[in-house]
Each structure stands twice: as structure tokens, then as C-alpha cells.
Amino acid sequence: MNNIVLLLGVPNEPPLALVASALHKNGVRTLIWDQQKVTISNCKIQIENSNITGILSCPEWTVSLEDVVGVYTRLASWATLPEIKELPPTDPRFTHASTLHLILDEWLEVTPARVINRTSANDSNNSKPYQALMIRRYFYVPETLVTNQPDAALDFCSRHPRTIYKSISGERSIVTEFDTQDMERLNLLQNSPIQLQEWISGFDVRVHVVGDRTFATRVESAAIDYRYDYSINGAGFTAYELPADVEDACIQLTAEMKLGLAGLDLRFANDGRIFCFEVNPSPAYSVFESSTGQPIAEAIALYLAGS
Amino acid sequence: MTMPLRTICILCSPQDKHALWLALQLRAREWQVEFILPEELLVNSSLQLRISTDNTESILQTARGVTLTHKLNGVINRLYALPPLHCESGSEVDALYLEEEWRAAFVAWLAELACPVLNRPTGTSLHGTICGDAYWRYLAVQMGLTTRPWFASSGLGVTESNEQRIQIFVAGKQVIDAQNILSLEARNRVAMLAAISQLQLCCVEFDCSTGEPCLLRLDPLVPFAAGGDALVTAIETMLTSP
């Protein structure tokens with residue numbers, strides 16, 4: 001068996017399940033490695049010059065890794081898996097899970113297969129201001145201050161009509177508008193820096209880039225962070241047609257980051273400028289696909305199969 | 001205090017004897033060397049990093065008054081990890097979040113400092129590019145360098161052979177190979193490998209147990225003394241080059 005697409009993660013997780021379904025519909029040979037079975041799976045890799053061979057096996061199947069042409073990884077942090085998190089680090093199953101994930105990660109970095117996405121390609125998302133330094137070659141980025149100084153934070157906020165704050169790292173946070181109540185907490189900054197940004201008035205567009213294809217979705221929401229829009233109707237999503245130059249910029253930025261799939265958070269400002277807040281290397285695109293009918297999972301499937 | 005000319009900063013842990021050795025050598029060559037420890041970055045420091053579409057400004061001041069700005073001549077970055085942080089909440093999750101926030105802030109600050117930074121961080125790694133052994137060997141093969149087979153199994157871990165390790169050093173375009181284990185062509189390839197890996201300063205380990213040097217890995221944390229005067233001179237050149 002060759003020309004296999006390998007899916008790594010928890011099978012019923014929506015982004016993974018949608019791609020599995022699309023691969024099946026397109027007649028692509030697909031194997032799903034259920035990460036929850038890590039303690040009863042095995043992986044071996046050998047690299048000799050440019051020849052990379054190995055196997056991944058679980059109770060249901062064994063695959064020769066050289067037969068794999070595409071990999072979609074939605075691996076969770078293995079230490080948080082229910083099967084692992086209660087185990088002491090000295091437990092052989094804990095060690096096994098750690099080693100297997102390390103080996104898989106090594107393989108994902110070197111395999112000639114198309115991988116969405118390699119760990120190394122996810123790198124920039126671990127520091128948002130660091131990523132902004134790449135983004136600004138293609139898009140506007142908001143004026144940003146990273147600081148642990150209350151006075152500097154206050155001064156920054158006073159220079160902008162509205163200001164938001166969010167995490168600096170890849171850790172998820174809710175984008176929040178800075179207000180008078182926050183001023184009372186500014187003394188806490190000495191212990192932890194904050195990322196402040198000028199508020200950009202306009203509308204949001206999430207762009208999913210898959211290889212050289214794009215799927216843009218306009219987001220309507222009154223919330224500061226539309227992911228946490230708890231209004232009665234919640235955020236609204238409609239397919240959106242990008243200007244050609246913006247589409248090109250999205251594709252080029254994604255390619256520069258060596259990502260096969262990315263979710264770009266754009267804001268089309270009222271003054272005509274287009275800002276990019278973040279490039280997400282592991283986007284949960286399924287929410288956008290189910291709302292708009294855009295065939296994102298199919299595009300991912302075709303990309304992985306080599307189309 | 002404002003730093004005079006020929007001033008560099010070494011970011012390192014208090015136990016970093018390699019950094020201390022380099023500082024002594026550079027001071028003997030009339031460089032002013034300022035150590036900044038990871039704890040100093042976190043405790044009562046003052047960080048401001050401003051990023052906009054066409055500009056970046058940053059200033060970092062430690063509690064003892066050392067100011068790090070774009071006026072520095074260079075930074076030797078050996079910031080391997082930040083010290084463990086504790087939260088008032090006592091929550092381990094909060095502490096890890098805090099550590100990630102500081103790390104992400106310093107990554108961006110180091111990435112954009114205008115002076116030479118040896119080495120620049122990556123989004124994940126404060127002290128520069130780090131990869132698994134398989135990836136280093138994969139890259140080495142792409143560059144036409146010799147490697148030894150690498151085998152790993154979830155049952156056995158990574159199989160190590162009896163290696164005779166020899167280190168050479170890359171500093172910019174210079175390769176310091178004191179034992180002359182590499183041909184000129186191989187040295188050039190090693191320099192290219194370091195460059196594409198965005199490591200301006202690194203140690204490259206070879207296994208010479210079978211006669212022909214086989215590349216094992218690149219390491220941004222250089223044991224400077226092993227590179228001797230030639231490495232110090234090469235570092236000086238990098239710090240003074242525009």
C-alpha cells in the first residue's frame with residue numbers, strides 16, 4: 001500500500017474528522033492514528049543518508065512511513081491526554097508516550113511527505129510580537145507595546161482612543177478592551193508583561209490558506225473578540241471575496257512561514273488599510289466551513305494527497 | 001548607566017562558565033562586558049518594546065540600572081531558560097503561563113535588537129535554533145555532508161553508537177577547525193548549514209570514530225574555550241562588523 005495520507009490526533013475532533021471524510025470521498029487511502037492509543041502504539045524510524053524509513057503501528061494497522069505522502073497533524077499535548085495525565089513520569093507508559101511523540105516529531109520534520117504542519121513551521125506563533133515582525137512585510141500591524149511598566153502602558157493607552165490587550169505568547173487569551181477598571185490592576189504588570197495594541201476600527205476577515213488556495217470569511221460581531229461572542233445570535237460568518245493583491249499576500253506569507261495550512265486574522269480598517277493580527281498555524285477551520293459551506297476540508301485533503 | 005563604545009552584554013545563567021571564560025578574553029581585549037542574568041530580566045526590570053508597521057523601538061533596564069538599547073555593540077545570547085516563576089495564586093498553570101509570556105516578550109525583544117545578537121532567538125527557543133538529531137542529519141545530507149545512520153524506536157529510544165566526538169565552531173563565515181578534521185569544501189558546507197539554520201555562532205559536533213567525520217548536530221550554546229583565541233577573534237569580528 002502506498003500514497004497514504006496519515007491523520008494524527010483524536011478521530012472525532014471536527015477538523016480532523018472533516019478532512020478524513022473528504023479524503024474518503026476522494027478515494028484517498030487514509031489512516032487515522034488515534035493519539036489516545038499512544039500507549040499501545042509503536043513507532044520506529046531509520047535515517048540513512050537521504051533515505052528515511054520507518055513504521056507506525058497501532059492495534060488496527062501498521063504503516064510503512066515511506067508510503068505516506070501527506071500528514072495532517074492535530075496532535076494534542078500528549079501529557080494532557082486522559083490516558084497519560086494521571087500517570088507518574090516513572091510509569092513505563094508515560095515514558096513510552098513521550099518517546100513515541102518525540103520520534104514522530106523527528107519524522108514529521110524530515111519526511112518528504114506534505115505535512116500540515118511541521119512543528120518548526122508553527123514556531124513564530126509562540127510569540128505574537130515576534131510573528132508580527134514577519135507579518136508586517138505583507139500587512140499593516142497595529143501599534144503595539146509590550147511592557148511591564150504601568151506608566152508606559154497608561155501613556156500608550158492615552159495616545160489611542162481605544163486599546164486592547166492580549167497574551168504575548170501562543171497561550172490562548174481573550175482579546176479585551178482596556179478600560180478604567182484595568183487601570184486599577186496595572187501595578188500587577190511588574191510581575192507579568194502585557195501586550196497592548198491600538199484598536200483598529202473595521203471588519204474582520206478570517207482567511208484560511210491551503211497551499212495556494214484561499215477561503216476568506218467575513219465575520220460580523222459586536223464583540224471585541226468574536227471567538228467569545230456570547231450575544232443571542234453570536235458571530236456571523238459569510239464567504240468573502242478577497243482583492244487579488246490581498247490574496248497573494250496571504251499565500252506568500254503562509255508560504256514564507258512554511259505552512260501548508262494557516263488561518264490569518266485580518267481586519268479591513270475603515271481607512272482602507274488591511275491589518276493582520278495573527279497567523280494561526282493550527283486553525284479550527286471547521287466552524288467557518290460549517291457556517292459558509294466553503295470546502296476547506298476538501299482543499300486540505302487534496303493538498304495532502306498531492307494535488 | 002549608559003554603556004560606552006565596545007560594550008557587549010552576555011545573557012547567561014549564573015553557572016555558565018563558558019560565558020565567564022569568553023568575558024575574560026574579551027575584557028583582555030578591551031571590551032566592556034556586562035553580564036545580565038535571567039533573574040535580572042524578570043525581577044524589577046523595565047521592558048518596553050514598541051512595534052508598528054514600519055518601526056521598532058525597545059529598551060530594557062535592569063534593577064541595578066543597566067540599560068540595554070540599540071546602542072549596544074552586541075549581545076551574546078545564552079539565555080537557555082528563564083528561572084521558575086511563582087504566582088501568588090500558587091497555581092502551576094498560572095506560573096507556566098507567566099513564564100510563557102516573559103519568554104515570548106524576550107524572544108521578540110532579542111529578535112529585533114539592532115545590534116549583532118549571537119544568536120537570535122526563534123519563536124520557541126530563546127537562545128536560537130534547536131532541532132532534533134534526525135533533522136540536523138537530514139539537513140547535513142542536503143548540504144552534502146557525511147552523516148551516520150540514525151535509528152529511533154518507541155520501544156528502545158534513540159540508539160547511540162560509540163562516538164568519538166570532535167567539535168568545530170562556526171562564527172559567521174569563519175569555521176574554526178583546530179584539529180583539521182574537515183576539508184575546505186566541507187568547512188564551507190558547514191558554514192552554509194549554520195547560515196541556513198540561522199545560527200551565526202555555533203558548535204558543530206562530528207563523530208570521527210570511523211575515520212571520516214560524520215556530522216551529529218549543531219548547538220548554539222558554544223563552549224568557547226574549546227575554540228580558543230581563533231574563536232574569540234572571530235566573535236570580535238562579528239561584533240564589530242556593520
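This is a predicted model: local features need pLDDT of at least 70, side-chain atom pairs count only at pLDDT 80 or more; totals for chains, interfaces and linings use all residues.
Student: Is Cys202(B) buried or exposed?

Tutor: Buried, with a relative accessible area of 0%. Over in chain A, Cys157(A) is buried too, at 11%.

Student: OK, switching to rings. How many aromatic pairs turn up over all chains?

Tutor: A search of the whole structure finds eleven. One of them is Phe203(A) with Phe268(A), a stacked pair with 5.2 Å from centre to centre and 15° between the planes.

Student: Where do Phe203(A) and Phe268(A) lie in chain A?

Tutor: Phe203(A) is in strand 12 (residues 202-210) and Phe268(A) is in strand 15 (residues 261-269), so the pair ties together parts that are 65 residues apart in sequence. Phe268(A) is buried, at 9% relative accessible area.

Student: Which residues do ring pairs link into a cluster?

Tutor: Phe203(A), Phe268(A) and Tyr240(A). Phe203(A) also has Arg218(A) over its face, 3.7 Å from the ring centre.

Student: And what sits over the ring of Tyr303(A)?

Tutor: The charged end of Arg114(A), at 4.4 Å from the ring centre.

Student: Now chain B. How are Phe106(B) and Trp109(B) arranged as an aromatic pair?

Tutor: Edge-to-face, with 70° between the planes and 6.3 Å centre to centre. Both lie in helix 3 (residues 92-112) of chain B, three residues apart, which is about one turn of the helix.

Student: Last thing, helix 6 of chain B. How far apart are its end C-alpha atoms?

Tutor: Only 18 Å, although the helix has 17 residues (224-240). A straight helix would reach 24 Å at 1.5 Å a residue.

Student: Where is the kink in helix 6 of chain B centred?

Tutor: On Ala230(B), with a kink of about 75°.

Student: Which residues of that helix are buried?

Tutor: Among them are Gly227(B), Gly228(B), Leu231(B) and Val232(B). Further along, the buried list also includes Glu236(B), Met238(B) and Leu239(B).

Key: Residues are numbered from 1 along each chain as its sequence is written. Chains are lettered from A and ligands numbered from 1 in the order in which they are written. Side-chain values use heavy atoms; hydrogens and water are left out. Buried means under 20% relative accessible area, exposed over 50%, partly exposed in between (1.4 Å probe, protein chains only). Helices (H or I, at least four residues) and strands (E, at least two) are DSSP runs, numbered from the N terminus. The expected span of a helix is 1.5 Å times one less than its number of residues. The bend at a residue is the angle between axes fitted to the seven residues ending there and the seven starting there. Rings of Phe, Tyr and Trp (its six-membered ring) pair if their centres lie within 6.5 Å; planes under 30 degrees apart count as stacked, over 60 as edge-to-face and the rest as tilted. A charge sits over a ring if NZ of Lys or CZ of Arg is within 6 Å of the ring centre and within 35 degrees of the ring normal.
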